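Open the model in your viewer and keep the selection tool at hand. This tour goes from one selection to the next and says what is there.

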Amino acid sequence: MTSEVREKKIKTNGIWLNVAEKGDEGEPLVLLLHGFPETWFSWRHQIDFLSSHGYHVVAPDLRGYADSDSPPTHESYTVSHLVADVIGLLDHYGTAQAFVAGHDWGAIIGWSLCLFRPDRVKGFVSLSVPYSPRDPNLKPSDLFKSFGDGLYITQFQEPGRAEAAFAKHDCLTVMKKFLLTTRSDFWVAPPNTEIIDDLEVPSTLPDWITEEEIQVYADKFQKSGFTGPLNYYRAMDLNWEILAPWQGYKIVIPTKFIAGDKDIGNEGANGTIKYVKGEMFKSIVPNLEVVVIEDGHHFIQQEMSERVSQEILSFFNKLRNITE
């Protein structure tokens, strides 16, 4: 069914984004924002499902990815740039308010959109990455240093380092190492080891993805490279500076958070699942539903596609019925 997806380039915020869409343009718009290292293709199941249930679904390749423009420096990958890209897409479609779902970095963009322009969001579904309060006294890079040099985010900071490590493997292997991981730690490699070398390729593929589907990703990254996606991580300290005016601000948009109980960073006393079930998360996102999917890992909208699609649909339908 994904063959019926329409792809086109849209000019937004000074760059061209490649966008996949499906469904009647007269129906409510759902914007799906992918994460690292993915493309619009990560939402293929939700694109088919939501469009068949009365929504106009739009899923861009984010800036730096696949067939979208890739500005060269990390300064062009802040949340200000990324949210402005999204606003430009909504303006292109003449949509005053959209339903939004984001996974991984797409979730961070979605949270930032809810902060900056809550008037443009009817409801938000965040997959894997929760909203967390900004620490006014600690830059992200300083926090990451506490994990040592093995932390994947720290390794991604230095321009060229991760690119060189990835290049020792073919793109299909790189994609398998990321997409098929079942690790639930914070992704810290042993001393003198790059995280891409520490991640393993399983001997057999899980039943939720095929070799051909992984090859779709590999072909795109073979062409585009990884610098654009890695620049998101390199702009994290800039984001910390940009977000200072929203210190202590709450997310008031109706929100559903979905994650697998075996997602990255769920291990230990300070794991993500403990946080999202706690009072802090609910205090800063007061209009919140939390769904934890048993045996789910990081790339949850692909691994548990039917469950995630149903969770998104039921949430958006509820909000749609309220507003119509």
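**First stop: a buried methionine**

Select Met236, which is buried, with a relative accessible area of 16%. The cut-off for buried is under 20%, so Met236 falls on the buried side. Keep in mind throughout that this is a predicted model.

Met236 belongs to helix H11, which covers residues 236-242. Leaving aside residues up to four places away in sequence, show what Met236 touches: Trp105, Pro140, Phe144 and Ile153. Then draw a distance from the C-alpha of Met236 to the C-alpha of Glu27; the two are 35 Å apart in space and 209 residues apart in sequence.

**The sheet**

Now colour the strands. Eight of them make an open sheet, and its order is E1-E2-E4-E3-E5-E6-E7-E8. The pairing in the sheet is mixed. Which strands are the edge strands? They are strand E1 (6-12) and strand E8 (288-293), each of which pairs on one side only. Look along the sheet: on average, neighbouring strands are turned by 20° against each other, direction ignored.

Select residues 98-103 and 121-127 next. These are strands E5 and E6, which pair in the parallel sense over six bridges. To find one of the links, pick Phe99 and look for its bridge partner in E6, Gly123.

**Two helices across the sheet**

H2 lies across E1, strand E2 (15-22), strand E3 (29-33), strand E4 (56-60) and E5. Its direction is at about 115° to E1.

Two packed helices are described by the angle between their axes and the distance between the axes. For H2 and H3, the angle is about 80° and the axes are 9 Å apart. That makes H2 roughly perpendicular to H3, because angles of 65 to 115 degrees count as such.

Show the side chains where they meet. H2 contributes Val79, Ser80, Leu82, Val83, Val86 and Ile87, and H3 contributes Ile108, Ile109, Ser112, Leu113 and Phe116. Of the residues in this contact of H2 with H3, nine are nonpolar, two are polar and none is charged.

**Another helix pair**

Select residues 171-179 and 211-224, which are helices H7 and H9. How do their axes cross? They come within 8 Å and cross at roughly 115°. The crossing of H7 with H9 is right-handed.

On the H7 side, pick Cys171, Leu172, Met175, Lys176 and Leu179; they meet Glu211, Ile214, Gln215, Tyr217, Ala218, Phe221 and Gln222 in H9. The contact of H7 with H9 has eight nonpolar, two polar and two charged residues.

**A covered helix and a buried glutamine**

Go to helix H1 (residues 44-51). This helix is mostly covered, with seven of its eight residues buried. Select the buried ones: Arg44, Gln46, Ile47, Asp48, Phe49, Leu50 and Ser51.

Gln301 sits in helix H14 (residues 300-303). Is Gln301 buried or exposed? Its relative accessibility is 0%, so Gln301 counts as buried.

**Backbone details in the loops**

Most residues other than glycine have a negative phi, and most peptide bonds are trans. The last selections are exceptions.

- Phe36 and Pro37 are joined by a cis peptide bond, with omega at about -15°. Look for Pro37 in the loop between E3 and H1.
- Ala66, in the loop between E4 and H2, has a positive phi of about 50° although it is not a glycine. With 11% relative accessibility, Ala66 counts as buried.
- Trp187, in the loop between H7 and helix H8 (195-198), also has a positive phi, near 60°. Trp187 is buried, with a relative accessible area of 3%.

How values were computed. Residues are numbered from 1 along each chain as its sequence is written. This is a predicted model: local features need pLDDT of at least 70, side-chain atom pairs count only at pLDDT 80 or more; totals for chains, interfaces and linings use all residues. Side-chain values use heavy atoms; hydrogens and water are left out. Helices (H or I, at least four residues) and strands (E, at least two) are DSSP runs, numbered from the N terminus. Buried means under 20% relative accessible area, exposed over 50%, partly exposed in between (1.4 Å probe, protein chains only). Contact means heavy atoms within 4.5 Å. Axes are lines fitted to C-alpha atoms, for helices over the stretch in contact, and angles run from 0 to 180 degrees between N-to-C directions. A crossing is left-handed if the near helix is turned anticlockwise from the far one by less than a right angle, and right-handed if clockwise. Ala, Val, Leu, Ile, Met, Phe, Trp, Tyr, Cys and Pro count as nonpolar, Asp, Glu, Lys and Arg as charged, and the others, Gly among them, as polar. Two strands pair if DSSP finds at least two bridges between them. Angles under 35 degrees count as roughly parallel, over 145 as roughly antiparallel, 65 to 115 as roughly perpendicular and the rest as oblique.
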